[in-house]
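Morning, everyone. Please look at the model on the screen while I talk.

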Amino acid sequence: MSSYTITTTLEQPYDRAVQSVREALGAQGFGILTEIDLKDTLKKKLDVDVEPQIILGACRPPLAHEAIQAEPSIAAVLPCNVVVRSAGESSTVVEAFDPDAMMGLADNEALHKVASDAKQRMKAAFAALDGMS
């Protein structure tokens, strides 16, 4: 695991893992605002082939609102990006930006509370995913 992400590996094929991630995030109050299909985009733009991979822009509106109230410029790193990428036929890596890493961007006590809540919810979603493998 890197110092700026939360990571888990699911023993699920990619398509099933994407659905599992959506469900686990939803159970923690996150909605998906954006989706970027990297495999499709890189094929169209660069004519290169990569493993299936999607970036889901996840947002929990109450947390986003608290964060921008505490530090308006933090909106530049919202929503929370969650990457789901194939690691073979039956394995998928799920990775999200660690909300604690935001603390390196802004020294704001109110933002610490929001980041802590976001991290707790993201880790709960990832723990639920680990139980689905």
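Pro79 sits in the loop between H3 and S4. Helices here (H or I, at least four residues) and strands (E, at least two) are DSSP runs, numbered from the N terminus. The peptide bond from Leu78 to Pro79 is cis, with omega near -5°.

A word on the source. This is a predicted model, where local features need pLDDT of at least 70 and side-chain atom pairs count only at pLDDT 80 or more, while totals for chains, interfaces and linings use all residues. Residues are numbered from 1 along each chain as its sequence is written, and side-chain values use heavy atoms, with hydrogens and water left out.

Next loop. Asp47 lies between helix H2 (38–46) and S3. Asp47 is not a glycine, yet has a positive phi of about 55°. Most residues other than glycine have a negative phi, and most peptide bonds are trans. Is Asp47 buried or exposed? Exposed, at 55% relative accessibility. The cut-offs: buried is under 20% relative accessible area, exposed is over 50%, partly exposed is in between (1.4 Å probe, protein chains only).

Now the helix pair. The axes of H3 (residues 61–70) and H4 (residues 109–132) come within 8 Å and cross at roughly 155°. Axes are lines fitted to C-alpha atoms, for helices over the stretch in contact, with angles from 0 to 180 degrees between N-to-C directions. H3 and H4 are therefore roughly antiparallel; that label needs an angle over 145 degrees.

Which residues of H3 make the contact? Leu63, Glu66, Ala67 and Ala70. From H4 come Ala110, Leu111, Lys113, Val114, Asp117, Ala118 and Arg121. Contact means heavy atoms within 4.5 Å.

Glu109 is also in H4. Glu109 is exposed, with a relative accessible area of 65%. Glu109 and Ala70 are 39 residues apart in sequence, but 8.4 Å apart in space, C-alpha to C-alpha.

Last, the inside. A nonpolar core is a set of buried Ala, Val, Leu, Ile, Met, Phe, Trp, Tyr and Cys residues joined through side-chain atoms within 4.5 Å. The largest one has 21 residues, and Val21, Leu25, Val82, Val84 and Met122 touch the most other members. H1 gives the largest share, six residues. Leaving aside neighbours within four places in sequence, Met122 contacts Ile6, Leu25, Phe30, Cys80, Val82 and Ala96. Apart from that core lies another, of seven residues, among them Leu63, Ala67, Leu111 and Ala118.

Terms used
Angles under 35 degrees count as roughly parallel, over 145 as roughly antiparallel, 65 to 115 as roughly perpendicular and the rest as oblique.
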